[in-house]
Amino acid sequence: MNRDEMEGKGDKLKGRAKQAWGDMTNNERLHDEGVADEASGNVQEGFGKARRKVGEAIDDVADKIKE
């Protein structure tokens with residue numbers, strides 16, 4: 001897991017917490033911030049996963065070249 005994946009997961013968790021707190025306190029703005037944070041986390045985590053997979057593919061190609 002790389003830094004983007006970790007930060008994305010953290011943002012998703014933060015977003016869910018904001019949504020829950022916004023719902024409990026009837027704070028629509030806080031709930032909406034949470035939705036945005038969760039969406040941002042999803043994007044960042046997805047980017048991190050894609051970056052990791054590309055890195056793994058490059059490593060596999062390099063290993064095959066060495067053989």
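Reader: Which helix holds the place of G34?

Author: G34 has its place in helix α2. Helices are DSSP runs of H or I with at least four residues, strands are runs of E with at least two, and both are numbered from the N terminus. This is a predicted model, in which local features need pLDDT of at least 70, side-chain atom pairs count only at pLDDT 80 or more, and totals for chains, interfaces and linings use all residues. Residues are numbered from 1 along each chain as its sequence is written, and side-chain values use heavy atoms, with hydrogens and water left out.

Reader: How many helices and strands are there in the protein?

Author: The protein has two helices and zero strands. Its radius of gyration is 17 Å, well over the 11 Å that the globule rule gives for 67 residues, so the protein is more spread out than a compact globule. The radius is taken over C-alpha atoms, and the rule is 2.2 Å times the number of residues to the power 0.38. Along the principal axes, the C-alpha atoms fill a box of roughly 60 × 10 × 10 Å.

Reader: What span should helix α1 have, given its residues?

Author: The expected span of a helix is 1.5 Å times one less than its number of residues. Helix α1 covers residues 3-24, and its 22 residues should span 32 Å; the end C-alpha atoms are 32 Å apart, which agrees. Helix α2 has 39 residues and reaches 57 Å from first C-alpha to last, close to the expected 57 Å.

Reader: Which residues of α1 are buried?

Author: Start with the cut-offs: buried means under 20% relative accessible area, exposed over 50%, and partly exposed in between, with a 1.4 Å probe and protein chains only. In α1 the buried residues are D4, E5, G8, K12, G15, Q19 and G22. They cover an arc of only 115° around the axis, which puts them on the same side of α1. That arc is the one of the directions from the helix axis to the C-beta atoms. On the other side of α1, R3, M6, L13 and M24 are exposed.

Reader: Why do residues three or four places apart point the same way?

Author: An α-helix has 3.6 residues a turn, so residues at that spacing point the same way.

Reader: What do the buried residues of α1 pack against?

Author: They pack against α2, residues 28-66. Here contact means heavy atoms within 4.5 Å. From the α2 side, the buried residues are L30, G34, D37, E38, G41, Q44, E45 and G48, and these pack against α1. Across the protein, 24% of the 67 residues are buried. Among contacts between residues at least 6 apart in sequence, 60% join residues at least 24 apart.

Reader: Back to G34: what is it in contact with, leaving aside neighbours within four places in sequence?

Author: G34 is in contact with G15, K18 and Q19. Its relative accessible area is 0%, so G34 is buried. G34 and K18 are 16 residues apart along the chain, and their C-alpha atoms are separated by 4.7 Å.

Reader: Which side chain makes a polar contact with the side chain of E45?

Author: A polar contact is a pair of N or O atoms within 3.5 Å; within protein, one must be able to donate a hydrogen and the other to accept it, and residues adjacent in sequence count only if both atoms are side-chain atoms. For E45, the partner is the side chain of K9, at 2.8 Å. E45 belongs to helix α2, and at 5% relative accessibility it counts as buried.

Reader: Which residue caps the N-terminal end of α2?

Author: N27 does, with a side-chain oxygen 3.2 Å from the backbone nitrogen of R29. At the start of α1, a side-chain oxygen of N2 comes to within 3.1 Å of the backbone nitrogen of D4. N2 is in the segment before α1, and a polar atom of its side chain lies 2.8 Å from the backbone oxygen of G48. After α1 comes N26, whose phi is positive, near 55°.

Reader: Is H31 buried, exposed or partly exposed, and what does its side chain reach?

Author: H31, in helix α2, is partly exposed, with a relative accessible area of 22%. Its side chain reaches the backbone oxygen of Q19 at 3.5 Å. Leaving aside neighbours within four places in sequence, H31 is in contact with K18, Q19, G22 and D23.
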